[in-house]
Amino acid sequence: MRMLSTSIHGIADYAVGLVVLLLPYFHDMHGTPKTILLLLGGSALIYSLLTDYEFGLLRIIPFRSHLGLDMLFAALMIAASMLLSFPHSSRLVVASLGVLAILVVVLTKRDRADQSRPTKTRT
């Protein structure tokens, strides 16, 4: 059951992107783990800004393509948590953010509210 609107999805996009960008600083990360999180968080924010939805700035990327990018983001977060040498205290956080991203995609309605199907007019 898809219950999240695209506007709620947009809020989640920016929140997750910012959390991923800030995570290396909260957990005092360095090297590859820090670089990967900065790239993933920055990428999530950039493709969100370019998405055709309520919170998109340039609206270049179709929303359904954005959902595919979210799934890629999620997969990379989960893989990174298992493959990179994150501090023990942050490994579960990184994986959880990936799982959260998957849940948001699965629970999001595929069409924006302002692009809903037109209603029939009486003749």
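The model is predicted. The protein chain contains four helices and zero strands, and 36% of its 123 residues are buried. A search of the whole structure finds one salt bridge, formed by Arg64 and Asp111.

**Overall architecture**

- Read from the N terminus, the elements of the protein chain follow the order α-α-α-α.
- Along the principal axes, the C-alpha atoms of the protein chain occupy a box of roughly 65 × 30 × 20 Å.
- Of the contacts in the protein chain between residues at least 6 apart in sequence, 65% connect residues at least 24 apart.

**Surface and charge**

- The protein chain has an accessible surface of about 7,500 Å²; carbon and sulfur atoms account for 69% of that surface.
- Leu49, Leu57, Leu58 and Ile60 make a nonpolar surface patch of about 420 Å².
- One member of this patch, Ile60, is located in the loop between α2 and α3.
- Ile60 counts as exposed because its relative accessibility is 59%, and the threshold for that class is over 50%.

**Ser48, a buried position in helix α2**

- Ser48 belongs to helix α2, which spans residues 31–49.
- Ser48 has a relative accessibility of 1% and therefore counts as buried, a class that requires a value under 20%.
- With neighbours within four places in sequence left aside, the contacts of Ser48 are Asp13, Tyr14, Tyr53, Phe55, Gly56 and His66.

**The Arg64–Asp111 salt bridge**

- Side chains of opposite charge can pair when their charged atoms come close.
- In the salt bridge between Arg64 and Asp111, the closest N and O atoms are 3.7 Å apart; the cut-off for such a pair is within 4 Å.
- This pair links distant parts of the chain, with Arg64 in helix α3 and Asp111 in the segment after α4. The two residues are 47 residues apart.
- Helix α3 covers residues 63–83, and α4 covers residues 88–107.
- Arg64 counts as exposed because its relative accessibility is 53%.
- Asp111, at 43% relative accessibility, counts as partly exposed, since this value falls between the limits of under 20% for buried and over 50% for exposed.

Key:
Residues are numbered from 1 along each chain as its sequence is written. This is a predicted model: local features need pLDDT of at least 70, side-chain atom pairs count only at pLDDT 80 or more; totals for chains, interfaces and linings use all residues. Side-chain values use heavy atoms; hydrogens and water are left out. Buried means under 20% relative accessible area, exposed over 50%, partly exposed in between (1.4 Å probe, protein chains only). Contact means heavy atoms within 4.5 Å. Accessible areas come from the Shrake-Rupley method with a 1.4 Å probe; for residues, only the protein chains shown count as cover. Patches are made of residues with over 30% relative accessible area and no salt bridge: like charges are joined within 9 Å, nonpolar side chains (Val, Leu, Ile, Met, Phe, Trp, Tyr) within 5 Å. A salt bridge is a side-chain nitrogen of Lys or Arg within 4 Å of a carboxyl oxygen of Asp or Glu.
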